[in-house]
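Colleague: Could you take me closely through one part of this model, namely its salt bridges, and say which residues pair up and where they sit?

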Amino acid sequence: MDSQPDIDPQETQEWLDALDSVIFNEGGERAHFLLEKLIEKARRSGAYLPYSATTAYINTIPTGKEERSPGNNAIEHRIRSYVRWNAMAMVLRANRNTNVGGHIASFASAATLYDVGYNHFWHTPSETHGGDLVYIQGHSSPGVYAYAFLFGQLSQEQLDHFRQETGGNGLSSYPHPWLMPTFWKFPTVSMGLGPLMAIYQARFMKYLDSRGLANTEGRKIWAFMGDGEMDEPESLGAISLASRENLDNLIFVVNCNLQRLDGPVRGNGKIIQELEGAFRGAGWNVIKVIWGSYWDPLLARDTKGLLQKRMMECVDGEYQNFKARDGAYVREHFFGKYPELLEMVANMSDDDIWRLNRGGHDPYKVYAAYAAAVKHTGQPTVILAKTIKGYGMGEAGEAQNITHQQKKMGTTSLKAFRNRFGLDIPDDEIDKVPYLTFAEDSPEFSYMQERRKALGGTFHCRKTSAKALEIPPLSAFESLLKASGEGRESSTTMAFVRILNILVKDKQIGKHIVPIVADESRTFGMEGMFRQLGIWSSVGQLYTPQDADQLMYYKEDKHGQILQEGINEAGAMSSWIAAATSYSTHSIQMIPFFIFYSMFGFQRIGDLAWAAGDMRCRGFLLGGTAGRTTLNGEGLQHEDGHSHIVASTIPNCVSYDPAFAYELAVIIQDGLRRMYLEQEDVYYYITVMNENYSHPEMPDGVEKDILKGMYLFSEGSVSNNDLRVQLLGAGTILREVIAAAEILKKEYNVNTDIWSVTSFNELRREALSITRWNMLHPTQPAKVSHVENCFKEREGPVVAATDYMKIYADQIREFVPGRYRVLGTDGFGRSDTREKLRHFFEVDRFYITVAALKALSEEGKISNQQIIQAIERYGIDPERPNPATS
Ligand SMILES: Cc1ncc(C[n+]2csc(CCOP(=O)(O)OP(=O)(O)O)c2C)c(N)n1
Ligand SMILES: [Mg+2]
């Protein structure tokens, strides 16, 4: 638009005057109405009006409409300058002493954005306010520590242990609740996860509110992020959800310092305009904070719009470069493009020009933007604040491409930094980079205390527990502990749905349950719950559902309990995380069950699962229709044979692969006890399958062993022929093991003890921790792992079979006495019947039989000839390609 010449300036002026008068006399809304009418009329008359998602490259809030900060700006400036210095100092000192790194430039650009929040906007939970939740940008953590230090929350000793955590009392590199559980709430440093999780946090807050579980009035979610971070699909991927759900409790602050790690974010364009278009298009309220107050007089004189034109045509690469140079350079290359602009700044010195500040460094502009954002209703708000990366670092890195990783500053730069922010550090001290503090009786210290007191108190504090819940006893699941009976076949997925039904009806914890699905309810047989519990919708149900006449119709409801997230595992996982940390953020324990296609779980959203561990989530993840050969007919992309391997990489994720309904009941009941009664910071991953079979009654006294990871399912008879094997089966493949035991007995007279392995992961963890203890306590009686205990008095080689990769069962090899063979489903899945798949992957009863015979032959108990016969009898081609690579 700007590039079009004005062919009739007088006519233009008349229209503009008319608009001015409407705004003046009747207000902005009326002006908007008239403009919409004009546009509609023009379109109807056939005029082509190109859509523009962006506005001019100036601040969204006009100067006259800025809300003034009630704060003391001089004091705030001093506090901010100290914070800046200390943030820089801790990185330099940590790096000098131990070379452990750190970031200076990111926080340097964001200091004002945080400072205004601490002083005026962010509430700590108190009697009168539920507290705001702030997602700090990961690389800005030094600034957060520096503020907490000045405030008196952290000690110098802690600051000097930035990034030195192994000895205790350290400060973690980035926000990590696992490492600093009473300080950090949200791990954000894996870029993109913060914005995504913040959106779902805001939505979950509305969910809690509309279900009457928490009063969230006035509470806001603030999420800070880098402009480079917006390249992550996760950052922008859910923004339309935020506007669709009218999340006016959500405020994004994008620190647009125009740079990322390697160089400019949009050197050839303008990141602020690009983001404005994306967010406006998605229905957000966008507030651009581009120019600081020093520009106001120039913009006021820009009656012809030439300055605005220049601002718009200049690209980010240039804007970055200006701030790496000096005032003279800006005069020549920015204003110098047009003689009128040069004239405009003719009586400004180069220093004056250099002082023309960017919006994100101007506390007045930032305050005005925040004040407008918290008042805005009906939409989420994004604040796009233009800043300078490495602000204050001078020649050591200000606006330079190398600045992100700059961890060193020489004496000249330190002095320049000191002078720029008016800090009182003598020359002969400067190289020590001393920390600065305010005396307790100083106006600055009192101001900080007073501001925080008014907002509820110390800001960085995380709650580690909430009221414990009363967990139903195992007997509540009695129907699942009994044999299912002949002809009543069902899957463990169905068993899970029955358990969930029992739980949602429980008087104590029923309302705390949050069932979450990513458009797979019908896959898992959960559609019955739609009607029973309702699908949560902030607007209820505005239509008659197609299946209204059915018993189990699709019911959306303002008070619904189910979160149906659409085809969006990352979003569903983010909802789960919000619910799973609700004990900490909302002081109420929620019990989320997110059930998903196991292949689209850890593999797809693994980084969120990792963050969930860091964040001390408590909840259940259910990998539905799992197993490489159990989900028949779906094929390579769906059949999961490795999610348990990934689950095992998350230290506080407890995982199980149960075979029978009673195992599942025992595991879930104990999980509820551990997480919601004992309040252990663990979460559960349980695979459930869709193969229907009958479920036996729970053998006596196996509960503890089910939880440890394996128990004796059945004991073979004792005969004196010396042929005995120990068979281990996991998940559905346990049934193949049971069948193999029958074959072995009938056809080879081999006796078998059968073990159901509910978790190779848990077995290994326990055994490793015992090995470690024994190593460190060599003179004390050795402890014995559960695996070793199980086999202590058992004879014969051990053969394990699983529907997961061999490495899953292989994990306990070290602890199995004697010969150990594992069968598993390495390789790409494919579609076929379960029977054929199990034969293909060599985990069916026949392969188990062959493996057992081979192990016996290796022990000299039977001849090789018997194996060859068995191979022939079961139609196995010894030369067939290895399924792991075919
Ligand atoms: C998923 C992910 N990829 C890469 C990184 C490494 N990384 C850390 S900071 C950074 C650049 C950040 O730029 P920006 O978001 O603009 O933040 P700024 O420091 O400029 O405020 C990168 C690539 C990361 N932390 N997370
Ligand atoms: Mg950046």
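**Salt bridges in the predicted model**

Modeller: In this predicted model, the count comes to 47 salt bridges. One of them joins D115 to R80, with the closest N and O atoms 2.8 Å apart; because D115 belongs to helix α4 (residues 105-121) and R80 to helix α3 (residues 73-98), the pair ties together parts that are 35 residues apart in sequence. D115 counts as buried, at 4% relative accessibility, and R80 likewise counts as buried, at 4% relative accessibility.

A further salt bridge is formed by D350 and R331, whose closest N and O atoms are 2.8 Å apart, and this pair links distant parts of the chain, with D350 in helix α16 (residues 350-355) and R331 in helix α14 (residues 327-333), 19 residues apart. Here D350 is partly exposed at 32% relative accessibility, whereas R331 is buried, with a relative accessible area of 18%.

The side chains of K415 and D427 also meet in a salt bridge, at 4.0 Å from N to O; K415 lies in helix α18 (residues 411-420) and D427 in the loop between α18 and α19, 12 residues apart. K415 is partly exposed, with a relative accessible area of 28%, and D427 counts as partly exposed at 46% relative accessibility. Elsewhere, salt bridges that share partners join R819, R821, K854, E858, E859 and K861 into one network.

The side chain of R462 does, however, reach the backbone oxygen of P181 at 3.1 Å.

Notes
Residues are numbered from 1 along each chain as its sequence is written. Chains are lettered from A and ligands numbered from 1 in the order in which they are written. This is a predicted model: local features need pLDDT of at least 70, side-chain atom pairs count only at pLDDT 80 or more; totals for chains, interfaces and linings use all residues. Side-chain values use heavy atoms; hydrogens and water are left out. A polar contact is a pair of N or O atoms within 3.5 Å; within protein, one must be able to donate a hydrogen and the other to accept it, and residues adjacent in sequence count only if both atoms are side-chain atoms. Helices (H or I, at least four residues) and strands (E, at least two) are DSSP runs, numbered from the N terminus. Buried means under 20% relative accessible area, exposed over 50%, partly exposed in between (1.4 Å probe, protein chains only).
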